[in-house]
Amino acid sequence: MLKLIFSTVSLLIGSSLFSQDLFTQSKPIVYTKVKFEQVKDTSIPNKLVEINLKGKKGFAIDKVAIIEQESAKESSYIYFYKANKIIQKILVPFWIMHLTPNAEIADFNSDGIPDIKFRIYTGGNGMAALLNYKVFLISQQKKYKVMSFMDFSSEKEYDLNGDGLPEIIGCSSRNYNDHNYWVYNLYNWVNGTLKSVSKTYDYPLWTAVDFKTNKVIAKSIPASVRNATLRNYPNEYFVK
């Protein structure tokens, strides 16, 4: 079993904690960024954004467009274009009001075809301001699947064991003994769905909530408590 090896620095702050980076032995995967363009179409009353993929290496599509739907239930349509024709559309359970400016291109399923990732913040205050939908448009040869989930993490993806299949990070929150913690689980995209690989890397991993870029590993959390937070899927997991 492959485990991450962490460098440890003792801290005397009431409990046994170790300060280190979450992924000291791995670098994040390399992304190519592409900017969202907001389109002003007077025939469409709702928000419309596009990603232009013309000239982007490896893509069989030219453009992705996302249009919010007017309904009591939050939803949007994602359209996939080739030669200015819609070849696929998928209804997704979120709006794009607080969309990040850029999408990121990388191969998340190790099939040699580029995939697309972007994030949408839900809005809110305090910890709720960090909540966001992570959205992945995963290539399925000629078509795409949309996979998304909601969590607190803005972490990048890491190929921890060097097999070419990036580990996707999910982050939830948990209160334990009147202290707040981030709880990290790991997943791979396998056969059209997320598969938990947390046990492979000795996750779930708990860190103290301090809103800093460095993560403080909460080594004082009993194994039984930590293992009880193992998740087969992240919060609000959606795939279509």
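Where is Pro204 found? Pro204 lies in the loop between strand S16 (193-196) and strand S17 (205-208). Strands (E, at least two residues) and helices (H or I, at least four) are DSSP runs, numbered from the N terminus. This is a predicted model, in which local features need pLDDT of at least 70, side-chain atom pairs count only at pLDDT 80 or more, and totals for chains, interfaces and linings use all residues. Residues are numbered from 1 along each chain as its sequence is written, and side-chain values use heavy atoms, with hydrogens and water left out.

**Backbone geometry**

- Most residues other than glycine have a negative phi, and most peptide bonds are trans.
- The peptide bond that joins Tyr203 and Pro204 is cis, with omega at about 5°.
- Ser110 is not a glycine, yet its phi is positive, near 60°.
- Ser110 sits in the loop between S10 and strand S11 (115-121).
- Ser110 is partly exposed, at a relative accessible area of 40%. Buried means under 20% relative accessible area, exposed means over 50%, and partly exposed is in between (1.4 Å probe, protein chains only).
- Glu236 also has a positive phi, near 55°. Its place is the loop between helix H1 (223-227) and strand S19 (238-239).

**Nonpolar cores**

- The largest nonpolar core has 43 residues. A nonpolar core is a set of buried Ala, Val, Leu, Ile, Met, Phe, Trp, Tyr and Cys residues joined through side-chain atoms within 4.5 Å.
- Val64, Ile78, Ile116, Phe118 and Leu137 have the most contacts inside this core.
- A second, separate core has 12 residues, including Tyr31, Ala106, Ile138 and Leu194.
- Leaving aside neighbours within four places in sequence, Leu137 is in contact (heavy atoms within 4.5 Å) with Val64, Ile78, Phe80, Asp115, Ile116, Phe118, Tyr144, Lys145 and Val146.

**Two buried sites**

- Thr100 is in the loop between strand S9 (98-99) and strand S10 (102-106). Thr100 is buried, with a relative accessible area of 13%.
- With neighbours within four places in sequence left aside, Thr100 is in contact with Phe36, Phe118, Arg119 and Tyr121.
- Tyr187 belongs to strand S15 (residues 179-190). Tyr187 is buried, with a relative accessible area of 1%.
- Beyond neighbours within four places in sequence, the contacts of Tyr187 include Pro166, Leu194, Val197 and Tyr233.
- Ile168 is 19 residues from Tyr187 in sequence, but their C-alpha atoms are 5.0 Å apart.
- A polar atom of the Tyr187 side chain lies 3.2 Å from the backbone oxygen of Arg231.

**Sheet**

- Strands of a sheet pair through backbone hydrogen bonds, either parallel or antiparallel.
- Here five strands form an open sheet in the order S4-S5-S6-S7-S8, with antiparallel pairing. Two strands pair if DSSP finds at least two bridges between them.
- Strand S4 (37-38) and strand S8 (85-92) are the edge strands, and each pairs on one side only.
- S4 and strand S5 (residues 48-52) pair over two bridges, in the antiparallel sense.
- Glu37 stands opposite Glu50 in S5.

**Aromatic pairs and charges over rings**

- The structure holds 11 aromatic pairs. Rings of Phe, Tyr and Trp (its six-membered ring) pair if their centres lie within 6.5 Å; planes under 30 degrees apart count as stacked, over 60 as edge-to-face and the rest as tilted.
- Tyr77 and Tyr79 form a tilted pair, at 5.9 Å centre to centre and 40° between the planes. Tyr77 is partly exposed at 22% relative accessibility, whereas Tyr79 is buried at 14%.
- The ring centres of Tyr181 and Trp206 are 5.4 Å apart and their planes are at 50°, so this pair is tilted too.
- The pair links distant parts of the chain: Tyr181 is in strand S15 and Trp206 in strand S17, 25 residues apart.
- Tyr181 is buried, at a relative accessible area of 9%. Trp206 is buried as well, at 1%.
- Tyr31, Phe108, Phe136 and Phe149 are linked into a cluster by ring pairs.
- The charged end of Lys63 sits over the ring of Tyr81, 4.3 Å from its centre. A charge sits over a ring if NZ of Lys or CZ of Arg is within 6 Å of the ring centre and within 35 degrees of the ring normal.
- Lys89 has its charged end over the ring of Tyr77, 4.8 Å from the ring centre.

Conventions
A polar contact is a pair of N or O atoms within 3.5 Å; within protein, one must be able to donate a hydrogen and the other to accept it, and residues adjacent in sequence count only if both atoms are side-chain atoms.
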